[in-house]
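Colleague: I have not looked at this one before, so could you walk me through it?
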Amino acid sequence: MSHAFTTRVALLSALTLSGWAAPATASAAEEEEPASEASETPDKKPTGARSLFDGKTLKGWVPTNYAGNGGATVADGVIRVALGDGLLNGIKLKDGDKLPKVDYEVTMKARRIVGDDFFYCLTFPFKKSHATFVLGGWGGSVCGISSIDFMDAMENMTMSVREFEESQWYEVRVVITDHRIQGFVDGERIVNANVKDRN
């Protein structure tokens, strides 16, 4: 899992990983309508929650291998991802390969301190691959999942537009189940993607 940022400083807190007691299921109608309001009970209570951030150190985290990575620090209980020399900056879990591949969720809070493009990206495992929940990309407002059917969030059915205010905290939640990826911002679902048999 990595957190990638472009031309900005961002703060993260309350990173939590939760497993699901059993795979959630979707009806046939939901499988046919990936953008429908139907869901795999996203408010179902997860089990086995654990924090990915101890609130004090970057223990368990390492810099993402981007050129010009500006590093990250911890202050006042939050991770501060510094402005890098290159286009991207971020951190990732050292043991990210041990994360679940399906039937889990990740929750966190994030805010942008400066900048106006690519506010926040969360890359997470999904089965034999990975996907990325993008917030505020491509000029600062595009949201969605990269990549589905080899298309990034700007080009696929998950794309939506949302503005993100500077210095405002946002609650971010991603729910990953067997055939569906859902993304939430401040409790509002902005991604509800049926990913059954998709690349």
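Colleague: What share of the contacts with a separation of 6 or more comes from residues 24 or more positions apart?
Modeller: This is a predicted model, and in it residues 24 or more positions apart make up 62% of the contacts in the protein with a separation of 6 or more.
Colleague: And how many helices and strands are there in the protein?
Modeller: The protein has one helix and 15 strands.
Colleague: What about burial, how much of the protein counts as buried?
Modeller: Of its 199 residues, 45% count as buried, while the protein exposes about 9600 Å², with carbon and sulfur atoms supplying 51% of that area.
Colleague: Is tyrosine 120 buried or exposed?
Modeller: Tyrosine 120 counts as buried, because its relative accessibility is 0% and the cut-off for buried is under 20%.
Colleague: Switching to serine 141, where is that?
Modeller: Serine 141 sits in the loop between β10 (129-137) and β11 (142-146).
Colleague: Why does serine 141 count as buried?
Modeller: Its relative accessibility is 14%, and therefore serine 141 counts as buried, given that the cut-off is under 20%.
Colleague: Which residues is it in contact with, leaving aside neighbours within four places in sequence?
Modeller: With those neighbours set aside, serine 141 is in contact with Gly136, Ser160, Val161, Arg162 and Glu163.

Key:
Residues are numbered from 1 along each chain as its sequence is written. This is a predicted model: local features need pLDDT of at least 70, side-chain atom pairs count only at pLDDT 80 or more; totals for chains, interfaces and linings use all residues. Side-chain values use heavy atoms; hydrogens and water are left out. Helices (H or I, at least four residues) and strands (E, at least two) are DSSP runs, numbered from the N terminus. Buried means under 20% relative accessible area, exposed over 50%, partly exposed in between (1.4 Å probe, protein chains only). Contact means heavy atoms within 4.5 Å. Accessible areas come from the Shrake-Rupley method with a 1.4 Å probe; for residues, only the protein chains shown count as cover.
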